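Open the model in a viewer and keep the selection panel to hand. The stops below each give something to select and then say what is there.

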Amino acid sequence: MRQALCRAPSFALWSAPHHFLGVNGPKEDIIASLRTHVIKNYFQHREFSFTLKDDIYIRYQSFNNQSDLEKEMQKMNPYKIDIGAVYSHRPNQHNTVKLGAFQAQEKELVFDIDMTDYDDVRRCCSSADICPKCWTLMTMAIRIIDRALKEDFGFKHRLWVYSGRRGVHCWVCDESVRKLSSAVRSGIVEYLSLIKGGQDVKKKVHLSEKIHPFIRKSINIIKKYFEEYALVNQDILKNKESWDKILALVPETIHDELQQGFQKSQNSLQRWEHLKKVASRCQNNIKNDKYGPWLEWEIMLQYCFPRLDINVSKGINHLLKSPFSVHPKTGRISVPIDLQKVDQFDPFTVPTISFICRELDAISTNEEEKEENEAESDVKHRTRDYKKTSLAPYVKVFEHFLENLDKSRKGELLKKSDLQKDF
């Protein structure tokens, strides 16, 4: 099995979670008696997609149970595994269903943030490349979006996952959220979006006199990182080529004054202080009041605010890569991120599939022989083995997330039961 695992470029390393893939949870009698509220064929109606060698793309797959899914993964050896929506019918039978009857019924609200969308504002890397200097963008994105999801929308169950290469994903798994329409999902992602315009648009953030609390709270988060990230590591005002990009974001009436100050200053830190002073005077000038005190905020937001892929979030039938799958280009595992340790998360220390295989092979022969003598199943054997590898802390984060999700589900079922009794 280990040899097969190492050969599979994107073999998902998870055991199918109770909610995440739709498998029923604990079997206590009181919960079992309330199962009428749970969709019986939830897992069977969930879409899975495999990307095979040479970009062969297989959609609308579905399985009877976890075992069938695992067998198919070993058989097909996918390079990439995506999870889709829960449909009205089994996805693998969608061609046999009457036209229009096959519909996506629910799915987690998901967000996809990709570093390539920041190429116009990061100086250290471009395209698929990342480094510690620009990874702070992902840290800020998680902090800003997660705060809003929790505080502004009241969403409780949010799983953040490293993509395995250059970005992060978020899965919002609250029961009520999974049933949201595309229109509501679009409204949520629009609320969370400030960056407007394509490559040809230089100024992508426009603030009005009345600043929404969401923007103010986002600015407060950015301020904690801005100096070290933007002014030191990215050095966004390093030279004329760099500061010309900043000048394109402010009124032409203050270009000359900024240019003169920039030329006299020694570094980005000094030039930013000069910009803030000029902006402060600008806000006190009635003629320039339309620009408001938000000049520096607009720059900070354009350089640091999260850039979401709106289409990923608004479509119920949109696919997103499975947690704990393996990125085919880097070999890194797509691991959950501990929200309590976001600032410490380092994508370059995330284990790769080859490293995990080496760790598994390093397990003592005596221990393996003991387990074989106890006639334990291969699944149980693997379950214990991964907890002895560098995947263990990430699995712990995932299990904690699932435990909270399961507790919430039990609570909701009990509430429904009490309401029925009261009625």
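Start with the salt bridges: this predicted model has 20 of them.

**Stop 1: D119 and R122.** Show both side chains. They form a salt bridge, and the closest N and O atoms are 2.8 Å apart. Which of the two is buried, and which is partly exposed? R122 is buried, at 5% relative accessible area, whereas D119, at 30%, is partly exposed.

**Stop 2: R143 and D343.** Select this pair next; here the closest N and O atoms of the salt bridge are 3.3 Å apart. R143 is partly exposed, with a relative accessibility of 29%. D343 is also partly exposed, at 40%.

**Stop 3: E190 and K196.** The side chains of these two meet in a salt bridge with an N to O distance of 3.1 Å. E190 has a relative accessible area of 40% and is partly exposed; K196 is partly exposed as well, at 40%.

**Stop 4: D120, K204 and R307.** Select the three together. Salt bridges link D120, K204 and R307 in a network.

**Stop 5: D82.** Move to strand β3 (residues 80–87), where D82 is found. Is D82 buried or exposed? With a relative accessible area of 2%, D82 is buried, because the cut-off for buried is under 20%. Its side chain has a polar contact of 2.8 Å with the side chain of K80. A polar atom of the D82 side chain also lies 3.0 Å from the backbone nitrogen of K321. To see the surroundings, display the residues in contact with D82 beyond four places in sequence: E47, F48, S49, T51, Y57, L319, L320, K321 and S322.

**Stop 6: helix α10.** Select residues 268–284, the 17 residues of α10. From first C-alpha to last, the helix reaches 25 Å, close to the 24 Å expected at 1.5 Å a residue. Colour its buried residues: S268, R271, W272, H274, L275, V278, A279 and C282.

Next, show what covers the buried residues of α10. The cover includes α7 (213–233), α8 (240–247), α9 (255–264) and α11 (295–304). Finish at the start of α10 by selecting N267 and L269: a side-chain oxygen of N267 comes to within 3.1 Å of the backbone nitrogen of L269.

**Stop 7: the whole chain.** Clear the selection and switch to a cartoon view. The chain has 16 helices and eight strands. Of its 423 residues, 50% are buried. Taking contacts between residues at least 6 apart in sequence, 68% join residues at least 24 apart.

Technical notes:
Residues numbered from 1 in each chain as written. Predicted model: local features only at pLDDT ≥ 70, side-chain atom pairs only at ≥ 80, totals over all residues. Heavy atoms only, no water. Helix = DSSP H or I, 4+ residues; strand = E, 2+ residues; numbered from the N terminus. Expected span 1.5 Å × (residues − 1). Buried < 20%, exposed > 50% of the residue type's maximum accessible area, 1.4 Å probe, protein only. Contact = heavy atoms within 4.5 Å. Polar contact = N/O pair within 3.5 Å; in protein donor to acceptor, adjacent residues only side chain to side chain. Salt bridge = Lys/Arg side-chain N within 4 Å of Asp/Glu carboxyl O.
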